Amino acid sequence: MASYKPTNIPVYPKLGEKVTEETLYWKNYKTPIQIKEFGAVSNIHFSPVTPYNFAVTAFTRIHLYGLLSQEPVKTFTRFKDTAYCGRFRSDGQLLVAGCEDSVVRLFDVSGKVALRMFKGHTKAVHVTDFTSDRYQILTGSDDYTCCLWDIPNSAQLNTYQEHTDYIRCGVTSQLNRDLFVTGSYDHSLKVFDARVDKSVMTINHGHPVESLLLYPSEGLLVSAGGRYVRVWDLLKGGQPLVSLKNHHKTVTCLALSSNGQRLLSGSLDRHVKVYNTTSYKVVHNFDYPAAILSLALAPEDESIVVGMTNSILSIKHRKPSEEAKETAGHQRRRPSYRVYAHRKSYVPKQDDYLVSKPVRQHLAKYDKQLKKFNVSKALDTALETWIRGRKPEITVAVIRELDRRGTLKNALAGRDEQELSRLLSFLIANLVDARFAPVLITAAEMILDIYQSIIGQSPVVDKQLLHLQSLLERELDYQKDLLEVLGMLDTMFASSLPKIELPCSGISTSNGLPQGQSTASRPQVQVN
Amino acid sequence: MVEHGDVRVVHKGGSKINFREPALSTDSRFLLCASGESVKVFSTATEECLHALQGHTDLITGVLLRPSNHLQAYSCSLDGTVRLWDFTDGILIRTYSIGYPIYELFQLVAVHLPQCGEQLVEAKELSAVLSNISSNPAASAFGREVRIFRCLEVYFFKNFFLKKDNQKGGKNTFTCITCHPTEDCIASGHEDGKIRLWRNFNHRKEYTYSTLHWHHSAVSSLRFTPEGTNLLSGGVESVLVQWRYNQESQRDFLPRLGGAITHISVSPDGALFCTSHSDNKITIIQSCVKVSAVIQGLVKGDRIRTDLMIEPRSKALVLNGKPGHLQFYSLQRDKLLYNLDIVQQEYIHESGLEQFEVVMAAFDASGSWLATVEERKQKAPELELNLKLWAFDDQKQSFVLNTTISAPHEGRITALCFPHVSDGQTTMLVSTSRDGHFKAWQLAAPGFIKFYLILKGPSWSCDFLGAYHSLVPECCCFSADSSLLAVGFQEVVTVWTPASWELLTTLSQPPGAVRDLCFGRLSCSKYLLGATTSRLLCCWNLLTCSLEWVTSMDVSLLLADPLSENMAAFCFEAGSTDLFVFKPGEPRPLFSHKALCSGRVTHAVFVPREVMLESCDEASQWLNCSHLYFLTQSMDLLTFITKAEEDKLTASSKQLVVSDDVAMTPFHLLLGKHRDQLENPQAESRLSVEPIRQPSSSAGINELLQMPAHVLPSASFLCSMFVQSLLISKEEEMESEKEEEDSDGEMESRISRPEHMPSGESGCAAPALTKEEVRELRRLKKLDHSWMKGLLD
């Protein structure tokens, strides 16, 4: 006596996304933690030293978060107006930030009150950064100027007035204390050397520059502005290397993954794209709920922090690696000695007769009904909202099984308005899916056969039927168009492919011997 | 012209065991069932076939225990004889020759069997009890209490109802009938699934009936248990239903027994039931409605969809069996090894339902991969196809599903083949389909990224899609070294190289589409043979790409022996099939056999032998490497056997009969041999020394000793005959006496071990002395010794 074989649920390949090593790597993040800030998150900066706190600049405050905390560990609130660009010094001790009120403030990470106030700009300061010697500060402002300040005596060292529009981004070299780059809304990038009075290199980005990034080697410069991300070779005098146009709205922020192999760009189109820095192809894509203003990666890509216009900060942490999880799980699963001792310790001896306990087969609800030949109930179970929405393949498999048993008509018949509309809404959602179409078309035909007499009695059902009809018409149009395209492609391929000459072209001559000749060589197969 | 000489066609294994109702012995230890031309005796405990009662020369149509002797059974056959057997020992006791083919044996034997002592009895007294009975054996039953005329009445009553139903157009025709063992009650099963219990039948015209209904389609078998407390019924649903007599609302079910139930029988003590199923299976069920054993024969449906195949590892014959399964059948042991569930779906036992069927299967050369195709055909556009690939699992010793490809082609698959890679792994499979394409499937390594999936283990995916002028490919074949693939596209044979999938050449012999393609093997591997629908068998030489020879024959099947150059062609000629065995390079066939069987042969297979034969006879030489098995249209599995083999077989079977006083169980095979060796060293030596008894008399004694005591005439009658047979003529007497003394001496030696040597010497030295004297002498000697020693000291 064989046991009942449950309904076979086919596994369909997931469509739409290609699985690569890359996607596996970038998919390996937990669900994001979301923190509500006071305003749009304009800048995020990670401290370069442990414990890798990060500064989040949003509206009039700068919050310091620990890598794993969801509450700010420290808050800087002494801003008169919107703060901009809170950045750590390379030792993680000092933090500088610009402000809408044109004052640049320098904080000690452990203190609250600003250590220094740099006053000199006339308009909002959007760019601040420390130089690599740690004693100077670079600022860039909406008054078209950028300045270098000395920290100890808070004196302005130098002012450059070369840009002709707001300066909204800038970065200092980490290898040379005198070099820095600024980007402006006048579409240009300028490389300055503090030892000379003017810029040493000007690069035209073509769009208002929103963000800048220097590679760790500082041979390459990445700029983002408009919908473009452009990479420039500084060693070749600012030659354009590549231009990427993968966003459909302004790109606002850039980040490099820890090993410099991947470049990330965030945009107002709510996407973060990951590029391979050797081929500059998009290898992965993250979706976020709102336009992205700022983006930062923790060292070793441990977490991705994204700030958005709707003042939400989203933090994604990397999942612990496989073996760590395994050991943790193993420890958790180990049963306590007391509970399982009597089962574990008893080993059957050689002469013992083992009475095997029958293993009870677990069946899904719809299978239980199918086993009892309750076809309508089985279909009802398979049409439950959860299954219908999340796993339509189960519903389709049950319908297929009923069809195979020849009882689909019985299962579909005898339903009231509510049940019928549930069936129809399932059909509308899944009928045009190529995976389910062969099964569902049969079911749809049967439903129409059974319920054609009640058309016109219920407005709900009528509406759904009309919807189904329009859906089918649209699908037919699609198919027609696709066939046309296929035909065009076929003609193109046929004309473009080279003709292959068969080595043995003369079929009639070399192979088929004339009939008379062949009889001569015919073997003597004769039977008495 | 080649004579078929000493090669003979024989039935080989796999006969039906569900043809007629099996009989259970009184003590429920044995099960007898008619199986082709023999009656098989199974042990109900071990499912083992103990022995086959052979003797009938045609299909056996009934087996019945002898009511007066519970160790004997009758069997009847189409050859017109009824035979009485002792089934525990497998001995034919008596043969009654009736002279007409017998289709069914009744409990009250209508044929009056004369009680005579002779072996062969001519029974000419036929009493025609019933005439015009339906040929369905289930439609007749005899009650114990009911006299014969009552039975007649049952029959008329049935006839009456049949007519009435036909008028009404109702569906309640009788399908089976059974009588209650003690009460006046008859149960009848009907076409519409109802069971009617007719009571008060002995009172004319006053009968009443009640109806039981559970089955949804016709009830095919009904039985009361011996006490009459339960009624068992079965039908197409394959559910055994047990009804309590008089409490019919209480039912027990035993579902999913396999194929449709065709017969139910109950052992006389009521301890066991057994059900025969349409898939050639007998299930033994304990009375607590629990399956205790399953005896499964070779499943042969109405047609075989897959080819006959040989599993390369176990050399088992593989073909489709139960619906949705492949069966692995051992030809050597005539036993079903196991069924492999291909479809993995619940089978719905209902007639007229389209279900998935296994239509094609192929093994690769090493037996590590199995490819199967299952299809469910509704209407042509809604054809459901699945191609499944199974990997052999060494731990489970079975095939495990590796890849399922749903809808591999748009049309039906016409052929499936693996290349013959002798060493290493097979990584390719080719399938051809009616949609005009052939596809090559490739085994991909684990971790390989294909379409949107990362593959965890090795799996198969499509590698190449080939077509030729949108013609339909019908067959495909790999060459012996797998460097070439030939695909037959209607009239054109295309030859491809699997390495780069280039079309190398095309061959054709119009008119007529190519139906069968086959590459030659070994020394003939340069030849490609094709059979066309226009009654031609063509042979192309691939080196010259030209036609080598062509002959006109309607080939229905072309086969190549995997171990030699030989090829077999089954030709359909004037309603029957002829076989030709030939080498592609030689003009004359090695062997031909005309009118092998009626109808077309479409399934055949070469089975490699375990031990090569070394026959140098020209006509049977082709059978040296392999057996050739084939299935006829009437689904009989036949094979060829040479004279020498046959002699060997009969010799071994005779030997078995002589020494077969113990049931041949696996235990016996293991232990019996050992015990024989322990027991028989003396006996053997004795046999070799004394060829004294005449063969005739020894056979007589054997017969006497083997015959159970209860069938023998009285001892006084036999005694003189027996003694006579023991008497030995004068000159032999001396020898035998000496022999006897020898043996006595040995017996003696066990008693007085230290004296063994002297006793032997004394026996030899003084033949004149009688035994008593010798013994006395020995005792004296012993006494003397001790005494003398004492004196001397």
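## Exercises on salt bridges and helix packing

At 25% relative accessibility, A:E162 counts as partly exposed, since buried means under 20% relative accessible area, exposed over 50%, and partly exposed in between (1.4 Å probe, protein chains only). The model is predicted, so local features need pLDDT of at least 70 and side-chain atom pairs pLDDT 80 or more, while totals for chains, interfaces and linings use all residues. Residues are numbered from 1 along each chain as its sequence is written, chains are lettered from A and ligands numbered from 1 in the order written, and side-chain values use heavy atoms, with hydrogens and water left out.

**Exercise 1.** Decide whether A:D178 and A:R195 are buried or exposed.

*Solution.* Step 1: their side chains meet in a salt bridge of 3.3 Å, N to O. Step 2: the partners are 17 residues apart, with A:D178 in the loop between β14 and β15 and A:R195 in the loop between β16 and β17 of chain A. Step 3: A:D178 has a relative accessible area of 10% and is therefore buried. Step 4: A:R195, at 54%, counts as exposed.

**Exercise 2.** Describe the salt bridge of B:R412 and B:E375.

*Solution.* Step 1: the N to O distance is 3.2 Å. Step 2: B:R412 sits in the loop between β30 and β31 of chain B, and B:E375, 37 residues away, in strand β28 (369-376). Step 3: B:R412 is partly exposed at 32%, whereas B:E375 is buried at 6%.

**Exercise 3.** State how α5(A) is oriented relative to α7(A).

*Solution.* Step 1: the axes of α5 (375-382) and α7 (392-404) of chain A come within 9 Å and cross at roughly 165 degrees. Step 2: α5(A) is therefore roughly antiparallel to α7(A), a label given to angles over 145 degrees. Axes are lines fitted to C-alpha atoms over the stretch in contact, with angles from 0 to 180 degrees between N-to-C directions.

Terms used. Helices (H or I, at least four residues) and strands (E, at least two) are DSSP runs, numbered from the N terminus. Angles under 35 degrees count as roughly parallel, over 145 as roughly antiparallel, 65 to 115 as roughly perpendicular and the rest as oblique. A salt bridge is a side-chain nitrogen of Lys or Arg within 4 Å of a carboxyl oxygen of Asp or Glu.
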